[in-house]
Structure formats: C-alpha cells, structure tokens
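Okay, thanks for coming, everyone.

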Amino acid sequence: MKSIKYIHEPTDLQCGQTVLAMLLSKTVDEIIEFLGNERETTLKEMKKVLDKAGVIYDANRKEAFFREDLPEVCILSLETPRCWHWSLYYHGTFYDPEHGVMDDFPVSNRKYYWEIKEQ
C-alpha cells in the first residue's frame, strides 16, 4: 500500500465493500463477487476478505475518540446518525465511501477501529 485511490460507494449499502476495494486496490464489483454480497457487510465478511488477501491486521476492536488515537492505517466502524458505517483511515486522511476524503471523522457517536499492519 503506497496510496489510496478514493472510491465513492455505488449504493448506500456498500460502504464495507468500498472500503475493502480502496484498501486492496480492487474494484467494488470484485469485492462483491468474492463475498457474494452486494448489501451491508459484517465484520466477519470484512475479515474474510482481509484474510484471503493476506493482509495482516489486529483482530481486536479498539475504540477511538480523536484522530490522534488512530494508528497509521485502519478500518473504521462508525455509529453515524443514520446507521453503522465502514470507513478507512490512511496516514492522516479519512477515505469515507459516503462523505469523501476528509481530515477528520465523519459525524459519529461511537468510533471503533481495526489496525491494518503495513507490509
């Protein structure tokens, strides 16, 4: 991983697939095909894709309050006003499938992350 190319989620239900696509330099369709799921993704599905891709990550969920709490690269699970939502943090920048490229978290009440270890 040397950089992230931003992808906007094709539908409101594909934030997980989109995060994985950005992280793995794949298309959303490739992730959907692998999972056999074009709707909301579970943590189990997210980990299945990471495992298949050989990505090393910390399987323990950690809570974040501020961006300074985050490691260099991580997948985020955010409780937004509408729903639980997947997002990606990469070297100081948030790549959010719904809200775009941002300097801080999208509006969210609770924030959890899984650290991605760079290879």
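Let's start at T93, which sits in strand β5, where strands are DSSP runs of E with at least two residues, helices are runs of H or I with at least four, and both are numbered from the N terminus. Before I go on: this is a predicted model, so to speak about local features we need pLDDT of at least 70, side-chain atom pairs count only at pLDDT 80 or more, and totals for chains, interfaces and linings use all residues. Residues are numbered from 1 along each chain as its sequence is written, and side-chain values use heavy atoms, with hydrogens and water left out.

So, is T93 buried or exposed? T93 is buried, because its relative accessible area is 19%, and buried means under 20%, exposed over 50%, partly exposed in between, with a 1.4 Å probe and protein chains only. Skipping neighbours within four places in sequence, T93 touches R67, L88, V101 and M102, contact being heavy atoms within 4.5 Å. T93 and I7 are 86 residues apart in sequence, and C-alpha to C-alpha they are 14 Å apart in space.

Now over to helix α1, residues 15-24. Here 10 of 10 residues are buried, and they pack against α2, α3, β3, β4, β5 and β7.

What about α1 and helix α2, residues 28-35? Their axes come within 8 Å and cross at roughly 115°; the axes are lines fitted to C-alpha atoms over the stretch in contact, with angles from 0 to 180 degrees between N-to-C directions. From α1, the contact takes Q17, T18, L20, A21 and L24, and from α2 it takes V28, I31, I32 and L35. That's 7 nonpolar, 2 polar and no charged, counting Ala, Val, Leu, Ile, Met, Phe, Trp, Tyr, Cys and Pro as nonpolar, Asp, Glu, Lys and Arg as charged, and the others, Gly among them, as polar.

Last stop, the largest pocket. A pocket here is an open set of points on a 1 Å grid over the protein atoms alone, where a 1.4 Å probe fits, with protein on both sides within 12 Å along at least five of seven lines; lining residues have an atom within 4 Å of a point. There are 16 lining residues, with C15, T41, W84, H85 and W86 nearest the centre. Which strand gives the most to that lining? That's β4, with 3 residues. By type, the lining splits into 8 nonpolar, 4 polar and 4 charged.
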